[in-house]
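Subject: The model for you to look through

Hi,

Here is the structure I promised to pass on.

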Amino acid sequence: MATTATPAGGSRNGTGPEWGGFEENIQGGGSAVIDMENMDDTSGSSFEDMGELHQRLREEEVDADAAAAEEEDGEFLGMKGFKGQLSRQVADQMWQAGKRQASRAFSLYANIDILRPYFDVEPAQVRSRLLESMIPIKMVNFPQKIAGELYGPLMLVFTLVAILLHGMKTSDTIIREGTLMGTAIGTCFGYWLGVSSFIYFLAYLCNAQITMLQMLALLGYGLFGHCIVLLVTYNIHLHALFYLFWLLVGGLSTLRMVAVLVSRTVGPTQRLLLCGTLAALHMLFLLYLHFAYHKVVEGILDTLEGPNIPPMQRVPRDIPAVLPDVRPPARMLNTTVKAVEVILQSH
Amino acid sequence: MAEAAESPGDPRTTSPRPLFAGLSEISISQDIPVEGEITIPMRSRIRELDSSTLNESVQNTIMRDLKAVGKKFMHVLYPRKSNTLLRDWDLWGPLVLCVTLALMLQRGSADNENDGGPQFAEVFVIIWFGAVTITLNSKLLGGNISFFQSLCVLGYCILPLTVALLVCRLVLLAKPGPINFIVRLFVVIVMFAWSIVASTAFLADSQPPNRKALAIYPVFLFYFVISWMILTFTP
């Protein structure tokens with residue numbers, strides 16, 4: 001409001017250029033009032049830590065100056081404290097320079113702000129996008145729309161990590177879950193970021209109209225199918241069921257991604273290259289997640305409990321031909337349950 | 001102009017204007033009771049605080065901090081919508097809980113020589129980086145909570161899971177079997193639900209009302225992973 005500005009403007013004219021730095025001090029004095037209000041309010045502003053630091057430093061500066069001034073004479077400010085004012089100007093300018101450097105260092109916060117628009121979603125939108133990721137759309141003549149958000153894909157990657165960990169559920173077979181956890185996180189994030197970058201690079205070669213953000217979002221939502229398949233097949237261990245789900249659910253989400261890419265690429269060779277690569281990588285990743293983790297767990301189990309348990313029952317499930325002695329119902333059981341059986345029998 | 005001065009709610013119409021005018025013309029020797037009123041109480045209060053906390057005995061300082069931490073533990077165990085964890089946040093409680101959890105989830109050196117060290121580091125890193133990720137997510141979704149406040153709440157709400165771990169260790173001293181596992185599963189599930197309810201009670205208010213579910217879901221995943229680590233622990 002212009003009316004509240006005029007006193008400051010009037011004083012600025014009155015003080016003159018040599019008091020310019022001092023003027024900033026007064027502006028800082030105004031901000032000292034604001035910082036105090038923030039400290040009392042603790043409204044949760046994320047600048048309150050900076051504000052607190054600023055306030056503390058300002059008060060130390062004010063304290064030092066006040067102490068110096070009080071030593072000379074009782075008056076805190078005024079024409080008599082000329083030397084005090086000058087030293088305070090210098091201190092204040094040094095403080096401003098330091099603050100500028102600290103703000104530049106704190107630009108990490110500004111970098112986080114760059115990501116803010118990608119997290120601007122509503123729960124209903126996330127839900128609808130999850131469902132749409134399983135429905136391929138056949139429109140290939142016009143570029144299909146891809147939602148450029150990162151919340152859904154990020155949460156799906158974390159969910160996939162959690163499901164992978166849940167896949168080793170009984171404690172008897174988990175020996176080094178710390179290492180398994182690091183591997184799970186590395187695998188899921190590595191797949192999401194690495195394959196997105198690789199397909200983006202291929203898309204650049206094939207002149208496809210897709211940005212990195214859109215590729216990340218597309219592949220992230222494609223992991224929803226993986227989450228469903230793994231959640232089901234880690235609880236019901238039937239090989240036929242897994243292959244069925246792999247084809248159906250994995251296939252649907254792959255088809256959806258392929259349709260989107262086809263709609264954004266021109267030329268049959270380019271389309272084949274791009275979509276073939278994506279389909280192969282996506283389906284093979286699901287196969288890998290189902291089989292490789294069990295092998296890791298069983299490999300560790302072998303080395304630790306080798307002498308007590310006959311090796312026939314330790315054969316991994318994914319090589320059915322090597323299971324001659326196991327009873328057919330046992331093939332459907334999780335290896336962990338078999339381990340529990342064996343341990344109970346040995347007591 | 002009088003309205004502008006009155007808008008902060010000050011009924012006096014004449015005194016605020018000279019105050020503001022005095023603040024900016026302070027270098028021209030005017031009487032400056034304003035600055036004195038504004039800065040000196042703060043200064044003297046700060047001086048008072050400094051001297052009081054510097055000169056008190058170490059026991060007083062430690063007991064005050066311990067009482068603050070204990071009070072927050074009580075708030076977590078009986079979650080009500082309150083501002084205590086948010087207003088006076090501190091990271092002592094989360095650190096203590098995280099170190100306790102990481103120490104107890106360590107394997108003994110009987111299994112493997114290399115499993116003692118990395119186990120501690122894995123738990124530590126997972127808890128702190130999980131909390132940082134959830135905080136960043138809630139800030140990006142538009143929540144108005146500060147970084148450390150959120151870390152404080154998430155750390156303190158690990159307390160029920162630490163209790164679950166202690167109970168699981170006691171239960172594991174009995175003979176192993178499926179009943180053992182079911183008891184532990186039940187305890188961990190109950191404590192997991194308690195953690196989520198506690199953290200929701202504190203964190204939900206800082207989110208925009210239509211996005212609470214989006215902010216709570218990663219908290220659910222975070223405590224799920226910690227519960228899984230606790231449930232699958234065998235000494």
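A residue is called buried when its relative accessible area is under 20%, exposed when it is over 50%, and partly exposed in between (1.4 Å probe, protein chains only). By that rule, buried residues make up 44% of the 347 residues in chain A.

Some housekeeping before the rest. This is a predicted model, where local features need pLDDT of at least 70, side-chain atom pairs count only at pLDDT 80 or more, and totals for chains, interfaces and linings use all residues. Residues are numbered from 1 along each chain as its sequence is written, chains are lettered from A and ligands numbered from 1 in the order in which they are written, and side-chain values use heavy atoms, with hydrogens and water left out.

Chain A as a whole

Chain A has 13 helices and zero strands. (Helices are DSSP runs of H or I with at least four residues, strands are runs of E with at least two, and both are numbered from the N terminus.) If a contact means heavy atoms within 4.5 Å, then among chain A contacts between residues at least 6 apart in sequence, 73% join residues at least 24 apart. Chain A exposes about 17,700 Å², and carbon and sulfur atoms supply 67% of that area (Shrake-Rupley method, 1.4 Å probe; for residues, only the protein chains shown count as cover).

How confident is the predictor? pLDDT is its confidence in each residue, from 0 to 100. Chain A averages 74, and 59% of its residues score at least 70. Helix α9 (residues 212-233) of chain A has the highest mean, 94, while helix α1 (residues 2-15) has the lowest, 44. Residues 170-175 of chain A have a pLDDT below 50, and this stretch has 20 contacts in the model beyond near neighbours in sequence.

Salt bridges

Side chains of opposite charge can pair when their charged atoms come close.

Which residue of chain A does Arg211(B) pair with? The partner is Glu122(A), with the closest N and O atoms 3.2 Å apart. This pair crosses between chains, from the loop between α10 (178-203) and α11 (212-231) of chain B to the loop between α5 (107-115) and α6 (123-132) of chain A. Arg211(B) is buried at 10% relative accessible area, whereas Glu122(A) is partly exposed at 24%. Asp120(A) also belongs to a network of salt bridges with Glu122(A) and Arg211(B).

Within chain A, Glu149(A) pairs with Arg129(A) at 2.8 Å between the closest N and O atoms. Glu149(A) lies in the loop between α6 and α7 (151-166) and Arg129(A) in helix α6, so the pair ties together parts 20 residues apart in sequence.

In chain B, Lys72(B) forms a salt bridge with Asp90(B), the closest N and O atoms being 2.6 Å apart. Lys72(B) is buried at 4% relative accessibility, and Asp90(B) is buried at 13%.

Helices in chain B

The UniProt annotation "transmembrane region" (unreviewed entry) covers several stretches of chain B, including residues 120-141 and 181-203. UniProt positions are given in the numbering used here, feature names are shortened, and annotations may be inferred rather than shown by experiment. In the model, residues 181-203 of chain B are 100% helix, with end C-alpha atoms 32 Å apart.

Cheers

Note on methods:
pLDDT is the predictor's confidence in each residue, from 0 to 100. A salt bridge is a side-chain nitrogen of Lys or Arg within 4 Å of a carboxyl oxygen of Asp or Glu.
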